[in-house]
Amino acid sequence: MAYTGLQADYISGLERFLRIPSISTDPERVADVRRAAEFVRDELHDAGLANATLIEGPGHPLVYADWLNAPGKPTILFYGHYDVQPVEPLDEWISPPFEPEIRNDNIYARGAVDDKGQVYLQIKAVARLMKEHGKLPVNVRFLIEGEEESGGEHLTKFIEDGAKSGDARLKADAALICDTELFAPGLPTICVGLRGIVYGEIHV
(Lines give C-alpha, C1' and ligand atoms only; values in the text may rest on other atoms or scores of the structure.)
Protein backbone atom coordinates (compact mmCIF):
# COMPACT_ATOMS: atom_id res chain seq x y z
CA MET A 1 0.00 0.00 0.00
CA ALA A 2 1.34 3.43 -0.95
CA TYR A 3 0.99 6.09 1.71
CA THR A 4 0.53 9.70 0.66
CA GLY A 5 0.02 13.14 2.15
CA LEU A 6 -0.43 13.50 5.88
CA GLN A 7 -0.46 9.75 6.44
CA ALA A 8 2.94 9.41 4.77
CA ASP A 9 4.27 12.29 6.88
CA TYR A 10 3.07 10.66 10.10
CA ILE A 11 4.54 7.27 9.20
CA SER A 12 7.84 8.88 8.26
CA GLY A 13 7.96 10.71 11.60
CA LEU A 14 7.13 7.57 13.55
CA GLU A 15 9.83 5.68 11.67
CA ARG A 16 12.39 8.33 12.67
CA PHE A 17 11.33 7.86 16.29
CA LEU A 18 11.53 4.06 16.03
CA ARG A 19 15.06 4.18 14.61
CA ILE A 20 16.38 5.60 17.89
CA PRO A 21 17.68 2.64 19.98
CA SER A 22 16.48 4.05 23.31
CA ILE A 23 17.11 0.96 25.45
CA SER A 24 16.97 2.39 28.97
CA THR A 25 18.63 -0.61 30.64
CA ASP A 26 21.75 -0.43 28.45
CA PRO A 27 24.47 1.95 29.78
CA GLU A 28 25.89 2.18 26.25
CA ARG A 29 22.60 3.67 25.01
CA VAL A 30 22.39 6.66 27.37
CA ALA A 31 22.95 9.13 24.51
CA ASP A 32 20.33 7.38 22.39
CA VAL A 33 17.79 7.48 25.21
CA ARG A 34 18.38 11.23 25.54
CA ARG A 35 18.01 11.60 21.78
CA ALA A 36 14.58 9.95 22.02
CA ALA A 37 13.63 12.33 24.84
CA GLU A 38 14.68 15.29 22.72
CA PHE A 39 12.65 13.92 19.80
CA VAL A 40 9.52 13.81 21.99
CA ARG A 41 10.17 17.30 23.37
CA ASP A 42 10.55 18.74 19.87
CA GLU A 43 7.39 17.00 18.64
CA LEU A 44 5.40 18.41 21.55
CA HIS A 45 6.74 21.89 20.82
CA ASP A 46 5.92 21.56 17.12
CA ALA A 47 2.40 20.38 18.05
CA GLY A 48 1.75 23.80 19.58
CA LEU A 49 2.14 22.94 23.25
CA ALA A 50 3.87 25.24 25.71
CA ASN A 51 6.68 24.60 28.18
CA ALA A 52 8.06 21.64 26.19
CA THR A 53 11.13 20.71 28.17
CA LEU A 54 13.30 17.94 29.55
CA ILE A 55 13.12 17.45 33.31
CA GLU A 56 16.51 16.32 34.53
CA GLY A 57 17.04 14.11 37.53
CA PRO A 58 18.36 10.70 38.49
CA GLY A 59 18.47 8.51 35.41
CA HIS A 60 16.91 9.41 32.08
CA PRO A 61 15.02 12.68 31.58
CA LEU A 62 11.27 13.13 31.76
CA VAL A 63 9.60 15.10 28.98
CA TYR A 64 6.93 17.64 29.89
CA ALA A 65 4.68 19.98 27.92
CA ASP A 66 1.25 21.52 28.44
CA TRP A 67 -1.56 23.55 26.92
CA LEU A 68 -3.70 25.22 29.60
CA ASN A 69 -5.82 27.71 27.68
CA ALA A 70 -9.26 26.20 28.28
CA PRO A 71 -10.44 27.91 31.48
CA GLY A 72 -13.12 26.02 33.36
CA LYS A 73 -12.43 22.81 31.43
CA PRO A 74 -10.87 19.65 32.85
CA THR A 75 -7.15 18.94 32.60
CA ILE A 76 -6.02 15.64 31.08
CA LEU A 77 -2.57 14.24 31.83
CA PHE A 78 -1.15 12.11 29.02
CA TYR A 79 1.41 9.54 30.17
CA GLY A 80 3.65 7.31 28.09
CA HIS A 81 7.29 6.32 27.70
CA TYR A 82 9.91 6.71 25.01
CA ASP A 83 12.30 3.98 26.17
CA VAL A 84 12.19 0.41 24.87
CA GLN A 85 13.10 -3.08 26.00
CA PRO A 86 16.30 -4.85 24.89
CA VAL A 87 16.11 -6.56 21.50
CA GLU A 88 17.77 -9.91 22.14
CA PRO A 89 17.54 -12.60 20.86
CA LEU A 90 18.23 -10.95 17.50
CA ASP A 91 17.79 -14.16 15.50
CA GLU A 92 14.06 -14.11 16.25
CA TRP A 93 13.56 -10.83 14.39
CA ILE A 94 12.44 -11.00 10.77
CA SER A 95 13.72 -7.46 10.20
CA PRO A 96 16.26 -5.47 12.28
CA PRO A 97 14.60 -4.09 15.44
CA PHE A 98 15.57 -0.47 14.81
CA GLU A 99 14.92 -0.45 11.08
CA PRO A 100 11.11 -0.13 10.83
CA GLU A 101 9.53 -2.31 8.22
CA ILE A 102 5.92 -2.24 7.05
CA ARG A 103 4.40 -5.65 6.39
CA ASN A 104 0.67 -6.08 5.72
CA ASP A 105 0.05 -2.48 6.89
CA ASN A 106 1.71 -3.18 10.25
CA ILE A 107 4.93 -1.44 11.32
CA TYR A 108 7.47 -3.82 12.84
CA ALA A 109 10.21 -2.35 15.07
CA ARG A 110 11.14 -2.30 18.74
CA GLY A 111 8.84 0.22 20.40
CA ALA A 112 6.25 0.33 17.62
CA VAL A 113 3.51 -0.58 20.11
CA ASP A 114 5.33 -0.29 23.43
CA ASP A 115 5.24 2.61 23.61
CA LYS A 116 6.53 4.93 20.91
CA GLY A 117 3.64 4.28 18.53
CA GLN A 118 1.00 5.30 21.07
CA VAL A 119 2.98 8.31 22.32
CA TYR A 120 3.47 9.56 18.78
CA LEU A 121 -0.21 8.99 17.97
CA GLN A 122 -1.35 11.11 20.92
CA ILE A 123 1.05 13.93 20.06
CA LYS A 124 -0.13 13.98 16.45
CA ALA A 125 -3.79 13.92 17.50
CA VAL A 126 -3.22 17.01 19.64
CA ALA A 127 -1.18 18.62 16.85
CA ARG A 128 -4.01 18.06 14.37
CA LEU A 129 -6.62 19.56 16.69
CA MET A 130 -4.39 22.56 17.28
CA LYS A 131 -3.83 23.06 13.56
CA GLU A 132 -7.49 22.74 12.60
CA HIS A 133 -9.04 24.67 15.50
CA GLY A 134 -6.21 26.68 17.02
CA LYS A 135 -7.14 25.32 20.44
CA LEU A 136 -8.10 22.20 22.36
CA PRO A 137 -11.45 21.39 24.01
CA VAL A 138 -9.70 20.63 27.32
CA ASN A 139 -6.45 21.48 29.06
CA VAL A 140 -3.66 18.96 28.54
CA ARG A 141 -0.38 18.02 30.12
CA PHE A 142 2.09 15.51 28.70
CA LEU A 143 4.51 13.66 30.98
CA ILE A 144 6.56 11.11 29.04
CA GLU A 145 9.25 9.11 30.81
CA GLY A 146 12.36 7.23 29.73
CA GLU A 147 12.60 4.53 32.40
CA GLU A 148 9.36 2.58 32.19
CA GLU A 149 11.32 -0.46 31.05
CA SER A 150 13.97 -0.05 33.74
CA GLY A 151 12.24 0.76 37.02
CA GLY A 152 10.97 4.33 36.70
CA GLU A 153 13.02 5.75 39.58
CA HIS A 154 13.14 9.26 38.11
CA LEU A 155 9.36 9.42 37.64
CA THR A 156 8.78 8.06 41.14
CA LYS A 157 11.03 10.73 42.66
CA PHE A 158 9.42 13.46 40.55
CA ILE A 159 5.94 12.46 41.75
CA GLU A 160 7.01 12.16 45.39
CA ASP A 161 8.82 15.51 45.34
CA GLY A 162 5.94 17.11 43.45
CA ALA A 163 3.38 15.88 45.95
CA LYS A 164 5.37 17.53 48.75
CA SER A 165 5.97 20.80 46.92
CA GLY A 166 2.60 21.07 45.17
CA ASP A 167 4.21 20.99 41.70
CA ALA A 168 1.48 22.21 39.34
CA ARG A 169 2.77 20.01 36.52
CA LEU A 170 1.14 17.03 38.21
CA LYS A 171 -2.30 18.61 38.64
CA ALA A 172 -4.94 16.96 36.46
CA ASP A 173 -8.52 15.74 36.59
CA ALA A 174 -7.75 12.50 34.78
CA ALA A 175 -4.76 10.60 33.43
CA LEU A 176 -4.69 8.86 30.06
CA ILE A 177 -2.13 6.07 29.94
CA CYS A 178 -1.33 4.97 26.42
CA ASP A 179 0.58 1.82 27.40
CA THR A 180 -2.04 -0.86 27.87
CA GLU A 181 -3.49 -3.64 25.76
CA LEU A 182 -5.85 -3.83 22.79
CA PHE A 183 -7.93 -6.99 22.65
CA ALA A 184 -8.62 -6.80 18.93
CA PRO A 185 -8.42 -4.28 16.07
CA GLY A 186 -11.45 -2.01 16.16
CA LEU A 187 -12.33 -3.00 19.72
CA PRO A 188 -11.64 -0.14 22.14
CA THR A 189 -10.18 -1.26 25.46
CA ILE A 190 -10.31 0.62 28.74
CA CYS A 191 -7.97 -0.53 31.50
CA VAL A 192 -9.21 0.64 34.88
CA GLY A 193 -6.42 -0.63 37.12
CA LEU A 194 -2.67 -1.15 36.96
CA ARG A 195 -0.72 -3.22 39.48
CA GLY A 196 2.80 -3.07 38.06
CA ILE A 197 5.20 -6.00 38.13
CA VAL A 198 7.93 -7.39 40.34
CA TYR A 199 10.59 -9.63 38.86
CA GLY A 200 14.04 -10.91 39.60
CA GLU A 201 16.95 -12.57 37.87
CA ILE A 202 18.87 -15.42 39.52
CA HIS A 203 22.34 -16.46 38.44
CA VAL A 204 23.41 -19.96 39.53
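Me: How far apart are aspartate 32 and arginine 35 in helix α2 (residues 30-46)?
Reply: About one helical turn, because they sit three residues apart in that helix; helices here are DSSP runs (H or I, at least four residues), numbered from the N terminus. This is a predicted model, where local features need pLDDT of at least 70, side-chain atom pairs count only at pLDDT 80 or more, and totals for chains, interfaces and linings use all residues. Residues are numbered from 1 along each chain as its sequence is written, and side-chain values use heavy atoms, with hydrogens and water left out.

Me: Why is the meeting of aspartate 32 and arginine 35 called a salt bridge?
Reply: The term asks for a side-chain nitrogen of Lys or Arg within 4 Å of a carboxyl oxygen of Asp or Glu. Here the N to O distance is 3.0 Å, so the pair qualifies.

Me: And what makes aspartate 32 buried or exposed?
Reply: Buried means under 20% relative accessible area, exposed over 50%, partly exposed in between (1.4 Å probe, protein chains only). Aspartate 32 has 13%, so it's buried. Arginine 35 has 40%, so that one is partly exposed.

Me: How do you know that glutamate 147 has no salt bridge?
Reply: Its nearest side chain of opposite charge, arginine 34, is 9.8 Å away. Lys and Arg count as positive, Asp and Glu as negative, while His and the chain ends aren't counted.

Me: Which backbone nitrogen does the side chain of glutamate 147 reach at 2.7 Å?
Reply: That of histidine 60. The side chain of glutamate 147 also reaches the backbone nitrogen of histidine 154, at 2.9 Å.

Key:
Polar contact = N/O pair within 3.5 Å; in protein donor to acceptor, adjacent residues only side chain to side chain. Helix = DSSP H or I, 4+ residues; strand = E, 2+ residues; numbered from the N terminus.
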